[in-house]
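Welcome! Take a look at the sequence and the model first, then read on.

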Amino acid sequence: MEWERIQFVQLSDTITYKIETNTAGHYLLRIHSGRLSREEIRSELLWLQALNESHDLIVPEGIANAKGAYVMEIETESGPTWGIESFRRDMAKLERYYERFLSEEGWTLYQAAAEKVVSRLTTMHPNEHNYGLIHADLHSGNMVFKEDQPYPIDFGRCGYGYYLYDMAGTLLELWPKHRWMLIQGYESVRKLEPEYVRDLECFFVMFMIENYGHHVSDPRETASLMEEQQYAQAYIREFLADRSFLFEVIEPV
């Protein structure tokens, strides 16, 4: 089909796009997940075709592809999801190597923080406003600037997760006043939930622990991991004590 414009319509039971061509007619592209079988989708299209034979009804009708088929099936890869299961995998890796940079007391602290993170994640409910496709590694090294506008690069961890998780990865390297500035900028475009700080601090600790789980197996990283613990464990202690820390300067342990 010679198309001029494709426009996203909505995400519901299916994903729909409006396709505009240089002809008078416009078309709808509908993408199904695995919820319905190929036969069920084809049955609906045949039913619409039959209804269109009536002079009293005007309904949308399927368009066959070049091979005469009304339903095209493609295999896709499942995108990574950043949540409880991915966090548990990182904790399992951290457990194998934690002695390289943590004392037993420090590891006990990490385990308690991990339990609290998982507990909080189970109370969160994803919806179209707080969950979707994210970059998942949006630190300053993965941003480039062109004419003073930031652009993300390196989409190796791109997948699905909470938007606040994505923000936490950025806030991790910022000073408290800069964290507040970033959030103000974000809210100038999209408002956050009233209780966002509590969840954001949970993702902050989650992201920090995941980072250590990622780097701990590389001996070249050990020195820097040890050096960071005076700050990391200070954040964890505040988190476990239910003291808000996101906009405070936390003294190192």
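Which residues have the most contacts inside the largest nonpolar core? In this predicted model, they are L94, Y110, Y165, L200 and F203, and the core has 47 residues. The points below start with that core and then turn to the charged pairs.

- Two or more residues each come from α2 (84-97), α3 (104-121), α4 (163-171), α6 (196-215) and α7 (222-240).
- The most is given by α6, with 11 residues.
- Leaving aside residues up to four places away in sequence, L200 touches L164, M167, A168, L171, I183 and L246.

**Salt bridges**
- Side chains of opposite charge can pair when their charged atoms come close.
- The count of salt bridges here comes to 12.
- E210 pairs with R157, with the closest N and O atoms 3.9 Å apart. Because E210 lies in helix α6 and R157 in the loop between β6 (149-152) and β7 (159-162), this pair ties together parts that are 53 residues apart in sequence. E210 is buried at 4% relative accessible area, whereas R157 is partly exposed at 22%.
- E44 and R30 form another salt bridge, their closest N and O atoms being 3.1 Å apart. This pair links helix α1 (residues 38-51), which holds E44, to strand β3 (residues 26-32), which holds R30. E44 is partly exposed at 30% relative accessibility, and R30 is partly exposed at 32%.

- R5, K18 and E20 are linked in a network of salt bridges.
- Within it, the side chains of E20 and K18 meet at 3.6 Å, N to O.
- E20 counts as buried at 18% relative accessibility, while K18 is partly exposed at 30%.

How values were computed. Residues numbered from 1 in each chain as written. Predicted model: local features only at pLDDT ≥ 70, side-chain atom pairs only at ≥ 80, totals over all residues. Heavy atoms only, no water. Core = buried A, V, L, I, M, F, W, Y, C linked by side-chain atoms within 4.5 Å. Buried < 20%, exposed > 50% of the residue type's maximum accessible area, 1.4 Å probe, protein only. Helix = DSSP H or I, 4+ residues; strand = E, 2+ residues; numbered from the N terminus. Contact = heavy atoms within 4.5 Å. Salt bridge = Lys/Arg side-chain N within 4 Å of Asp/Glu carboxyl O.
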